[in-house]
Amino acid sequence: MESTHTNVSIEAVKGGITQQPDVEAIVNAANAELTTGGGVAGAIHHAAGPELYKECQDFAPIRPGEAVITRAYKLPNKYVIHCLGPMYERKKNYEDLLANCYKNALKLAEENKIKSIAFPAISTGVFGYPMEEATEVAVKTILGEVSKLKHLEKIKFVLFTQADLEIYQRKLEELY
Ligand code: AR6
C-alpha cells in the first residue's frame with residue numbers, strides 16, 4: 001500500500017534548469033506551440049536535441065495553465081514537463097492560470113511516479129509576471145499540494161539570478 005509523504009523536501013537553488021542531473025523531471029516554461037523559443041524553453045530544446053521538438057508536436061497546442069509530459073532525450077533527466085504559463089495581466093485569471101501550471105505539473109509527476117522535479121520561475125521572463133508575485137503563487141501552490149503527494153520526495157526551484165533566488169528563499173522561509 002502506498003502512503004502519502006509528509007516529508008517532501010523543497011529547496012531553491014541558483015542555476016540553469018538544464019543542469020539539474022539529480023532530478024527525474026524538469027519543467028519547461030513553454031510556449032503554446034511547444035516550439036523551441038527562448039529563455040528556459042530555448043535552453044531545454046537546445047540541450048535535449050531535435051527529437052524533443054518532434055515529440056512535442058504530438059501535443060501542441062496547449063492552453064495557459066496546461067502541462068504535458070515528454071521524454072528528455074539528451075538531457076540528464078528522464079522527463080520534461082512542459083507548462084504554458086499565462087502572460088501577466090493578459091487574462092483576468094492569470095494568478096489561477098499560473099497556479100494551474102504548478103498543480104498540473106505535480107499531477108503529471110505523480111501519475112508517472114516521479115520522485116524528484118525541478119521548476120523554473122514560470123512566466124517571469126518573456127511573459128512579464130513580476131518575480132515577487134509569481135513566487136508567492138508558486139510557493140503557495142506547491143505547499144498546498146504537498147500533503148497529497150505519494151511519489152514526489154524532492155521539489156527544487158531553480159532560479160537564474162542571485163536576486164531571484166533570494167526572493168524564493170525569503171518566501172519559502174515565510175510560508176514553509
Ligand atoms: N534555467 C533556469 N531559469 C532560466 C533559464 C534557464 N536556463 N533561462 C531563463 N530562466 P522565460 P516565460 C529564467 O522567458 O516568462 C520562451 O521564449 C528567466 O530569468 O523562459 O514563461 C517561450 O518560448 C525567468 O525568470 O519563460 C515562451 O514563448 C524564468 O526563467 C515564453 O518565453 C522564465 O523565463 C515563456 O515565457
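**View 1. Helices α3 and α4 cross at roughly 40° in this predicted model.** The axes of α3 (residues 94–111) and α4 (residues 131–145) come within 9 Å; axes are lines fitted to C-alpha atoms, for helices over the stretch in contact, and angles run from 0 to 180 degrees between N-to-C directions. Helices (H or I, at least four residues) and strands (E, at least two) are DSSP runs, numbered from the N terminus. The crossing is right-handed, a term for a near helix turned clockwise from the far one by less than a right angle. On α3 the contact (heavy atoms within 4.5 Å) is made by E95, L98, A99, Y102, K103 and L106, and on α4 by A134, V137, A138, T141, I142 and E145. These comprise eight nonpolar, one polar and three charged residues. Ala, Val, Leu, Ile, Met, Phe, Trp, Tyr, Cys and Pro count as nonpolar, Asp, Glu, Lys and Arg as charged, and the others, Gly among them, as polar.

**View 2. Helix α4 also packs with α5 (residues 162–175).** Their axes lie 10 Å apart at an angle of about 40°, and the two helices are therefore oblique to each other. This crossing is right-handed. From α4, residues including M131, T135 and L143 meet α5 residues, among them D164, I167 and L175. The contact has eight nonpolar, one polar and six charged residues.

**View 3. The largest pocket holds about 610 Å³ of space.** A pocket is an open set of points on a 1 Å grid over the protein atoms alone, where a 1.4 Å probe fits, with protein on both sides within 12 Å along at least five of seven lines; lining residues have an atom within 4 Å of a point. Of its 28 lining residues, A29, G39, V40, A121 and G125 are the closest to the centre. Helix α1 (39–48) and strand β6 (154–159) each supply at least two lining residues, and α1 gives the most, with four.

**View 4. The peptide bond from A60 to P61 is cis.** Its omega is near 0°, and P61 is found in the loop between α2 (50–56) and β3 (67–71).

**Notes.** Residues are numbered from 1 along each chain as its sequence is written, and side-chain values use heavy atoms, with hydrogens and water left out. In this predicted model, local features need pLDDT of at least 70 and side-chain atom pairs count only at pLDDT 80 or more, while totals for chains, interfaces and linings use all residues.

Note on methods. Grid points are joined across faces, edges and corners, and a volume is the space filled by probe spheres set on the points. Angles under 35 degrees count as roughly parallel, over 145 as roughly antiparallel, 65 to 115 as roughly perpendicular and the rest as oblique.
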